[in-house]
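Please open the model in a viewer and keep the selection tool at hand. The stops below proceed from the surface to the sheet, then to the salt bridges and the backbone.

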Amino acid sequence: MSSEVHTRFNRELHSFPGGLELKTHKELTNSKESLRTPLPDKIILPLQQHIGSPSETIVKKGDTVLKGQKIAQASGYISVPVHASTSGKILDIGTCQSIHIKSEQVPCIIIEPDGEDAWFELEPVTDYLSIDPEILQRLIYEAGMVGMGGAGFPAHVKLNEGTATAIDTLIINGVECEPYISCDDRIIREKADYIVSGTRMLQHAIQAEHCVIAVEEDMPEAFEALNALIDDDIELVTVPARYPAGGEKQLIKVLTGKEVPAGGLPIHIGIVMHNVGTAAAAFRAVTRGEPLLSRYVTVSGNVEDPRNLQVLLGTPVEHCLEQVGYHPRDDEAVIMGGPMMGKYIHDISMPVVKTTNSILVTSGFNRSREKPCIGCGDCVDVCPAKLLPQELFAYARAKDYEEVRALHLFDCIECGCCAYVCPSNIPLVKYYREAKTDIAIYEKKQAGYEHARHRFEARSERLDRIENRVDDRFDKIKTLSTDQDPVEEDKQSYIRAAVERMKQKKNKKKD
Ligand code: SF4
Ligand code: SF4
């Protein structure tokens, strides 16, 4: 270990297009120690807390469960299990609002905590740097790990792809660029040892050549906490505080100068990125055997005591707000996530999930009325994805989804820079999200039709085969007797046999 700054790498930093310099408001929370949130009355665990397919419940109402016990299993490759975040009784298997699927209710498991917080039997693994990378990947998958930076992509998928393709660089992302959010800053300061060891573990899991941990230049304490623990096997880099420097593609551009191709993934250029929170949680999952059950959440904005909380997954937002002094007002709204990329939530009984990095109480909810686009082009100048936001908006509003696809809607990272600068107050990201949701629903339906068409065709083929077999048999029977109808022949032989049986019965009676 060394206390020197690890600058031997002399990495040249690059810049990304567009972006904004924003007032951060992180001082509200980043210097205060995080608090553990007490157990709520109810834990609500949605079966869809990540990108991909929802998990499938394996418990039923009335069951008692222990903390860390698997209560829902993955339902496909892009899916992860869900675990009870405390011990108690399964109160119900119901539905709740999902932050991942707009205006859709998703199945959820509701637990009534028993207050014991009693653990399921755990199976820690200590030799994590010498075991087979595939075993590590499996352990991380079994722990229900998803990306904790906000997007919520199942972590094992990135790790599996890592061993399938040669990985040059693993990037651990501690660049928390969105205003107000400081949960990464806090977890680095408080759990730097987990992050550094977790980084080495993830590097082993994907067999990456190089490894970089990146933080923002306005996180000096976090930088020092990491710097005190790393050796020269890990490069520690600070990047300029410019929003959205923490976006996956933007950070790759800043650190390597490389661009992830449109529609492509970092893996296509030999890079895998994980968030600092994911590195810490993965390390805990393997070395302590604890699945993903809690996370750091920044609760900030118009509350008495903004700060970071360590929250059990499934804890209602309302319960988190109570810990920091929340007094609701009519002109306020609650956002899950940050002010730029977060989503307004109308029901604060909604639970904290694996991807909840922040809960923000914001005023000025009744924003100015949307006006027509004046074609100023300000949105184009700030777009970090080099898109044409005003054209995307026009086609998204007209629901011309062929055009929005052609304009690379799916490369939009929903950073909100365009909407932030728009003088006409057009909520541009709202239109893009709606278009993405509509396209996803359409594609899901199409996939359903395709599936039904395949099933119909397979059934028709099966029926054809059966019919052909019947025809063949019929032809064979016909060829046996060309001068007599086979059906008539069958009938006659049946009658002859019946008459014969009756005769035999009569003869027996006479005897
Ligand atoms: S910033 Fe707003 S008004 Fe200006 S071109 Fe973009 S969408 Fe139109
Ligand atoms: S929200 Fe999308 S279109 Fe708007 S600036 Fe960000 S990446 Fe560009």
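Predicted model: local features only at pLDDT ≥ 70, side-chain atom pairs only at ≥ 80, totals over all residues.

Begin on the surface by selecting D41, E112, D114, E116, E318, E322 and D347, which together form a patch of negative charge.

Next, select I51, Y77 and I78. These residues make a nonpolar surface patch of about 250 Å². Y77 is located in the loop between β5 (70–73) and β6 (82–83). Its relative accessibility is 43%, so Y77 counts as partly exposed.

**The open sheet**

Now display the strands in the order β2-β8-β7-β4: these 4 strands form an open sheet with antiparallel pairing. Which strands stand at the edges? They are β2 (43–46) and β4 (64–65); each has a single partner strand, so one side of each lacks a neighbour in the sheet. In general, the strands of a sheet pair through backbone hydrogen bonds. Zoom in on β4 and β7 (residues 88–97), whose antiparallel pairing runs over 2 bridges. Here V65 can be found opposite G88 in β7.

**Salt bridges**

Select K70 and E142 first. Their salt bridge has its closest N and O atoms 3.5 Å apart. This pair links distant parts of the chain, with K70 in strand β5 and E142 in helix α1 (residues 133–142), 72 residues apart. K70 is partly exposed, at a relative accessible area of 29%; E142 is also partly exposed, at 28%.

Move to D233 and R200, whose side chains meet in a salt bridge of 2.6 Å, N to O. D233 belongs to the loop between α4 (220–227) and β11 (235–239), and R200 to helix α3 (residues 183–206); the pair therefore ties together parts that are 33 residues apart in sequence. D233 is partly exposed at 37% relative accessibility, and R200 is partly exposed at 22%.

Then select R433 and E414, a salt bridge in which the closest N and O atoms are 2.8 Å apart. R433 is in helix α12 (residues 428–480) and E414 in the loop between α10 (401–406) and α11 (417–421), so parts 19 residues apart in sequence are tied together. Are these two residues buried or exposed? Both R433 and E414 are buried; for E414 the relative accessibility is 17%, and the cut-off for buried is under 20%.

To complete this section, select K32, D305 and R307, which are linked in a network of salt bridges.

**Backbone features**

Keep E414 in view and inspect its backbone: E414 has a positive phi of about 55°, although it is not a glycine. Q207 likewise is not a glycine and has a positive phi of about 55°. Q207 is situated in the loop between α3 and β10 (210–216), and its relative accessible area of 46% makes it partly exposed.

Finally, select Y243 and P244. The peptide bond from Y243 to P244 is cis, with omega near 0°. P244 lies in the loop between β11 and α5 (248–256).

Key: Residues numbered from 1 in each chain as written. Chains lettered and ligands numbered in written order. Heavy atoms only, no water. Patch = residues over 30% accessible without salt bridge, like charges linked within 9 Å, V, L, I, M, F, W, Y side chains within 5 Å. Areas by Shrake-Rupley, 256 points an atom, 1.4 Å probe, with all protein chains shown as cover. Salt bridge = Lys/Arg side-chain N within 4 Å of Asp/Glu carboxyl O. Lys, Arg positive; Asp, Glu negative; His and termini not counted. Charge placed at Lys NZ, Arg CZ, Asp CG, Glu CD. Pairing = 2+ DSSP bridges. Buried < 20%, exposed > 50% of the residue type's maximum accessible area, 1.4 Å probe, protein only.
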